[in-house]
Amino acid sequence: MIKLRSKMFCRASFKLGGNGANGNSNKGSDKAGSCGGLSEIKWELRPGGMLVQKRESGDSVGELISVRVSTLSQWHDISIEATSTFGELKMVLSLVSGLEPREQRILFKGKEREDSEYLHMVGVRDKDKVFLLEDPAIKERKLHGLADGTPCTISV
């Protein structure tokens with residue numbers, strides 16, 4: 001982690017400074033004293049290689065998010081880290097849905113997502129919806145009994 005120092009700026013309140021009507025002259029000096037110092041900015045390196053200021057609020061990247069996954073007939077609520085990839089989400093879904101990860105197609109915001117894409121970089125947030133579809137080519141192979149990949153000869 002890289003730590004850089006920068007000045008912290010704040011907005012001075014004109015009502016609190018000086019000898020106001022209430023006689024609270026020390027309020028303004030305390031406020032100004034806290035703003036005049038230096039503060040540290042914490043930085044983090046995102047998986048995409050971008051250096052950004054570290055988040056301090058509750059929506060930090062390393063936390064667990066709940067993703068609602070919809071198949072054609074069921075809903076699954078999955079808890080996963082926001083920094084996970086769609087490939088890792090497929091691994092978790094394989095336990096729930098019974099489909100192997102290579103048989104799954106994940107759609108988010110109307111687009112099919114690659115296994116290497118990160119959830120937080122695409123914009124998946126807590127309680128977002130993701131669609132799970134079975135790969136049509138593998139589904140067709142299953143129907144014809146070719147799921148194991150061995151070729152068969154059909155003569156007419």
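Analyst: Buried means under 20% relative accessible area, exposed over 50%, and partly exposed in between (1.4 Å probe, protein chains only). The model is predicted, so local features need pLDDT of at least 70 and side-chain atom pairs count only at pLDDT 80 or more, while totals for chains, interfaces and linings use all residues. Residues are numbered from 1 along each chain as its sequence is written, and side-chain values use heavy atoms, with hydrogens and water left out.

The structure holds 6 salt bridges, a salt bridge being a side-chain nitrogen of Lys or Arg within 4 Å of a carboxyl oxygen of Asp or Glu. One of them joins Lys90 and Asp115, at 2.8 Å from N to O. Lys90 belongs to helix 2 (residues 86-97) and Asp115 to the loop between strand 7 (111-112) and helix 3 (119-122), so this pair ties together parts that are 25 residues apart in sequence. Helices (H or I, at least four residues) and strands (E, at least two) are DSSP runs, numbered from the N terminus. Lys90 is buried, at 3% relative accessibility, whereas Asp115 is partly exposed, at 39%.

A further salt bridge connects Arg105 with Asp135, their closest N and O atoms being 3.0 Å apart. Here, too, distant parts of the chain are linked: Arg105 sits in strand 6 (residues 104-108) and Asp135 in the loop between strand 8 (129-134) and helix 4 (136-144), 30 residues apart. Arg105 is partly exposed, with a relative accessible area of 23%, and Asp135 is buried, at 10%. Both residues belong to a network of salt bridges that also includes Glu112.
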